[in-house]
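Please view the sequence and the coordinates together while reading.

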Amino acid sequence: MPGTKFDNKKRQTVRNLRIREDTAKYLLNLDANSAHYDPKSRSMRDNPLKDLDHKKPSELSFAGENFVRSTGQVKEIAKLQLFAWDAGERGSNVHLQAEPTKAALLHKEYSKRKDEFKNEVSNSIVEKYGGEDHLKVPPRELLLATTEEYVEYSRTGKIIKGQEKVVPKSKYQEDVHVNGHTAVYGSYFHAGKWGYKCCRALQKQAYCTGAASRSGADTPQLAPEPVPTNNVDRTRSLVEIHQERM
């Protein structure tokens, strides 16, 4: 069996778990709070250099057994094993360890048919309901694109320089001059009414008459004379009606 050593004198099998030239796992980080090491199984599942070295796990000589189990072709073999189990439950004679080539070919054919079925379903939905334009997504590089604009931040995250303050814009059109006006409606206020500042017209959507109409607007208007209230009929109260009848 590979990885074992048989001694004819002692009649026992000794496991060679580590090459003696390599550093032991428990010597990579002597901190007591680092990754746990199991001396019975000689396993260290977590990364012992996680807090000491800022390199990527793939650049380290040893990054923990959990990292080793999730790299390389481990995921593909796990998918093959799940496929073999599912196929065996459905009546197919598939075994990954006994016939690995057969299992790999069947899984490849199954994945191909699955992709073709998904494409047929999506195409039928698009043909029936439409909306193909919404499926055209730009590349991921454009969605997360970076720029060369220099922005300097403080320690608190506040922008120091490199980016001007963005002025919020309204959803309505601004500074639109209609009917020959040089100012917008609402730039002039007179006698409780809004108007245009250029010609001081108080009617909305009126044509601009220029500075000629300003003379009439600038003339002071006299206050209306008070209306005498002697002859004004007003509603009498119940007390006054009762006094008249007395």
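The points below are grouped by topic, after a short note on the basis of the values.

This is a predicted model, in which local features need pLDDT of at least 70 and side-chain atom pairs count only at pLDDT 80 or more, while totals for chains, interfaces and linings use all residues. Residues are numbered from 1 along each chain as its sequence is written, and side-chain values use heavy atoms, with hydrogens and water left out.

**Overall architecture**

- The chain has six helices and six strands; these are DSSP runs numbered from the N terminus, with helices being H or I of at least four residues and strands being E of at least two.
- Along the sequence, the order of these elements is β-β-α-α-α-α-β-β-β-β-α-α.
- Of the 246 residues in the chain, 13% are buried, where buried means under 20% relative accessible area, exposed means over 50%, and partly exposed lies in between (1.4 Å probe, protein chains only).
- The chain has an accessible surface of about 22700 Å², and carbon and sulfur atoms account for 53% of that surface; the areas come from the Shrake-Rupley method with a 1.4 Å probe, and for residues only the protein chains shown count as cover.
- Of the contacts between residues at least 6 apart in sequence, 14% join residues at least 24 apart, a contact being heavy atoms within 4.5 Å.

**The second largest pocket**

- The second largest pocket has a volume of about 270 Å³.
- Its 13 lining residues include Phe83, Asp86, Ala87, Arg90 and Tyr110, which are the closest to the pocket centre.
- Helix 2 (74-89) and helix 3 (100-129) are the elements that give two or more residues to the lining of this pocket.
- By residue class, the lining of the second largest pocket holds six nonpolar, three polar and four charged residues; Ala, Val, Leu, Ile, Met, Phe, Trp, Tyr, Cys and Pro count as nonpolar, Asp, Glu, Lys and Arg as charged, and the others, Gly among them, as polar.
- A pocket is defined on a 1 Å grid over the protein atoms alone, as an open set of points where a 1.4 Å probe fits, with protein on both sides within 12 Å along at least five of seven lines; lining residues have an atom within 4 Å of a point.
- Grid points are joined across faces, edges and corners, and the volume is the space filled by probe spheres set on the points.

**Cysteines**

- The count of disulfides is zero, a disulfide being a pair of cysteine sulfur atoms within 2.5 Å.
- Cys199 is in no disulfide, and the nearest cysteine sulfur, that of Cys208, is 4.0 Å away; Cys199 is buried at 1% relative accessibility.
- Cys208 is likewise in no disulfide, with the nearest cysteine sulfur, that of Cys198, 3.8 Å away; Cys208 is partly exposed, at a relative accessible area of 26%.

**Positive phi angles**

- Most residues other than glycine have a negative phi.
- Asn179 has a positive phi, near 55°, and sits in the loop between strand 4 (159-161) and strand 5 (185-190); its relative accessible area of 27% makes Asn179 partly exposed.
- Gln205 also has a positive phi, near 65°, and belongs to the loop between strand 6 (193-196) and helix 5 (214-218).

- Pro57 is in the loop between strand 2 (12-15) and helix 1 (65-69) and is partly exposed, at 38% relative accessible area.
- Beyond four places in sequence, Pro57 touches Ala63 and Phe67; the C-alpha atoms of Pro57 and Val68, eleven residues apart along the chain, are separated by 9.6 Å.
- Glu65 lies in helix 1 and is buried, with a relative accessible area of 14%.
- Apart from neighbours within four places in sequence, Glu65 contacts Lys25, Arg42, Ser43, Met44 and Arg45.
- Tyr185 is in strand 5 and counts as partly exposed at 33% relative accessibility.
- Not counting residues up to four places away in sequence, Tyr185 touches Trp194, Gly195, Tyr196, Leu202, Gln203 and Lys204.
- Tyr185 and Ala206 are 21 residues apart in sequence, and their C-alpha atoms are 9.9 Å apart.
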